[in-house]
Structures are given as structure tokens and as C-alpha cells.
Number of protein chains: 2
Amino acid sequence: MVTKQFKGTAVDEADLRRADSLAREIFSDVANKWALLIIETLGERTLRFSELRNEVEGVSHKMLTQNLRMLERNGLVDRTVYPTVPPRVEYTLTVSGQGLRKTVDAMCEWTHRYFADIESSRRRFDG
Amino acid sequence: MVTKQFKGTAVDEADLRRADSLAREIFSDVANKWALLIIETLGERTLRFSELRNEVEGVSHKMLTQNLRMLERNGLVDRTVYPTVPPRVEYTLTVSGQGLRKTVDAMCEWTHRYFADIESSRRRFDG
DNA sequence: CAGCATCCCTCAAGATACTG
DNA sequence: CAGTATCTTGAGGGATGCTG
């Protein structure tokens with residue numbers, strides 16, 4: 001996230017600042033619990049809204065909608081509407097979404113790897 | 001994050017459920033903007049509270065304290081207090097903290113890699 | 001300097017209800 | 001079924017002041 005400054009070169013620093021603030025904005029969008037859980041749950045599958053609702057433990061209708069819109073806006077998920085009655089809407093990760101998913105997978109692996117450490121650290125801290 | 005159920009084996013399902021809910025709790029602690037930015041900022045360095053405050057763009061005194069406590073509790077950062085006047089407190093990532101940092105690095109790389117895609121996707125969506 | 005406590009307010013998020 | 005809109009609440013987070 002740290003942007004090199006290239007001070008004294010021809011690089012326009014205003015551009016760098018814009019890019020940096022945009023990067024932080026993307027990071028803020030993506031670095032939140034629900035977004036990451038949705039990405040992890042989607043994985044390589046295609047799921048309907050209601051299926052996601054069931055699989056993402058504890059997410060409300062509203063939060064799911066909001067986060068899916070945000071992920072769609074950033075081009076991380078594709079949204080396909082089938083104009084049937086009742087409507088059917090399917091979500092799937094895009095290429096960039098899959099890319100992010102790999103990093104979320106790594107976070108999950110990290111959780112399992114240090115699970116015991118974390119648990120004991122908590123006990124030490126709390127006691 | 002998905003825990004295999006091993007249905008019909010000797011594995012105690014209650015244990016699995018406890019582990020699963022703990023994993024989700026850890027994930028919720030860690031998967032938030034400030035925690036990840038702090039981890040990324042610390043990197044391989046050792047920083048004082050005030051240095052972190054300056055380097056983590058936009059973080060308030062209170063949020064920084066809260067998140068550092070949380071990270072300390074989970075054993076991701078070490079906190080060293082030098083009993084001088086005025087006091088000096090230094091923070092550094094632990095081994096597990098470094099492990100998580102690698103995944104955050106990957107997220108940052110992802111941001112830069114898909115930066116242009118995301119920007120254009122946003123324009124398409126907003127227009 | 002770092003941390004804690006207090007106050008206060010905004011906005012995030014749940015509940016509910018209505019539409020295509 | 002999926003999405004949007006409205007209302008309401010309370011927790012998140014800022015500002016301030018005090019302490020070791």
C-alpha cells in the first residue's frame with residue numbers, strides 16, 4: 001500500500017496521491033468482514049442470492065445486498081439476472097475476484113495454522 | 001474457513017462447532033480495515049505508538065489503541081513498555097503476525113494489479 | 001508519551017413492509 | 001425470489017480531559 005515517492009523525478013506527485021487514495025479506498029471496501037466472507041463463500045461456484053444468504057453465516061439481507069452491489073461495482077463479482085417469475089439472480093467471482101479470493105484463502109489458512117497460538121494468547125491476556 | 005464435518009466419525013461435532021465459531025471470531029477481529037493497515041504498516045519494523053499514529057493514515061488515537069490491544073490479545077503484536085519518563089512503548093509483529101502480514105501483502109499486491117480494472121469497472125457501474 | 005475514561009453524536013445495520 | 005425504501009436503534013468512533 002505504500003507508494004514510492006520518486007521525489008525529484010518527472011512523475012507527477014499529484015497522480016501518485018490520487019492513485020494512493022484510490023488504493024486506500026479499494027482497500028477499505030474490500031477489507032471488511034462481509035466482503036471477504038462472501039468472496040470466500042462464492043469460491044469457484046455460482047450461487048443465487050438466497051443460497052449466499054444461507055451459506056454466509058449471520059449475514060442479513062441488507063448487508064448481503066449492499067456488499068454484493070459494492071463487489072459488483074468494483075468488478076469482483078458478476079451478477080446475472082434471469083428474467084423469470086420468480087426472478088433468479090446468480091453471483092459468481094470474476095477473474096479479479098478470484099485473484100482476491102486467493103489472498104482470502106491464505107488468510108483462512110493462516111487462521112487455522114495459528115489457531116492454537118491465538119487461543120492460548122487470548123487466555124494469557126484475559127487472565 | 002469451512003470446517004469439514006467428518007460426520008459419522010469419532011470426531012466430536014461440538015468441538016468442531018466451537019472451533020468454527022472461534023475461527024469466525026478471529027476472522028472478524030482481523031478482517032477489518034485498521035487491523036490490516038496496522039499490520040501492513042508495522043511490517044518488519046518496530047514502531048512507537050506515536051510513529052504508528054503518524055504512519056497509519058487517518059487512524060484516531062482511540063482506534064489505534066483499541067486495535068493494538070486486540071492484536072496484542074490475539075498474539076499478533078508484541079508490546080514493549082520502557083519505564084522511562086516520558087514513557088516509550090514499542091510495537092512489533094510476532095511470528096504469527098508476520099504470517100498474517102504476508103497475506104495482507106498479497107492483498108495489497110492484488111490491489112495494485114487490478115487497480116485499472118477496478119477503476120474502469122467503477123466508471124461503468126456508476127455511469 | 002501513552003493510556004484510559006467520559007461524553008456525545010453520527011451512521012451502520014436490523015426490522016419491517018412493499019414492489020416487480 | 002430478489003431488491004428497494006423507510007424507520008429506528010445502538011454501537012462505533014471522534015473529541016476532550018485526566019493520569020502515571
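In this predicted model, the side chains of B:Glu55 and B:Arg45 come together in a salt bridge, with an N to O distance of 3.0 Å. B:Glu55 belongs to helix H3 (residues 49–55) of chain B, while B:Arg45 sits in the loop between helix H2 (33–42) and strand E1 (46–48) of chain B, so the pair ties together parts that are ten residues apart in sequence.

In chain B, B:Arg69 pairs with B:Glu72, and their closest N and O atoms are 3.8 Å apart. Helix H4 (residues 61–73) of chain B holds both B:Arg69 and B:Glu72, which are three residues apart, or about one turn of the helix. B:Arg69 is partly exposed, with a relative accessibility of 29%. In chain A, A:Asp105 and A:Arg101 form a salt bridge of 3.5 Å, N to O. These two residues are four apart in helix H5 (residues 95–113) of chain A, and therefore about one helical turn separates A:Asp105 from A:Arg101. With the cut-off for buried set at under 20% relative accessible area, A:Arg101 counts as buried because its value is 17%. Over all chains, the structure contains 17 salt bridges.

Attention now turns to the contact between the chains. Chain A contributes 44 residues and chain B contributes 44 residues. About 4,400 Å² of area is buried between chain A and chain B, and carbon and sulfur atoms give 72% of this area. Charged pairs also cross from one chain to the other, with six salt bridges counted between chain A and chain B. One bridge joins A:Arg122 to B:Asp29, where the closest N and O atoms are 3.2 Å apart. Between chain A and chain B there are also 18 residue pairs in polar contact, with both residues at pLDDT 80 or more.

On the side of chain A that touches chain B, at least two residues each come from helix H1 (13–30), helix H2 (33–42), helix H4 (61–73), H5 and helix H6 (115–126) of chain A. H5(A) supplies the largest share of this side, twelve residues. By residue type, the side of chain A that touches chain B is made up of 22 nonpolar, ten polar and twelve charged residues.

Terms used: Residues numbered from 1 in each chain as written. Chains lettered and ligands numbered in written order. Predicted model: local features only at pLDDT ≥ 70, side-chain atom pairs only at ≥ 80, totals over all residues. Heavy atoms only, no water. Salt bridge = Lys/Arg side-chain N within 4 Å of Asp/Glu carboxyl O. Buried < 20%, exposed > 50% of the residue type's maximum accessible area, 1.4 Å probe, protein only. Contact = heavy atoms within 4.5 Å. Buried area = accessible area lost by both parts, 1.4 Å probe. Polar contact = N/O pair within 3.5 Å; in protein donor to acceptor, adjacent residues only side chain to side chain. Nonpolar A, V, L, I, M, F, W, Y, C, P; charged D, E, K, R; others polar.
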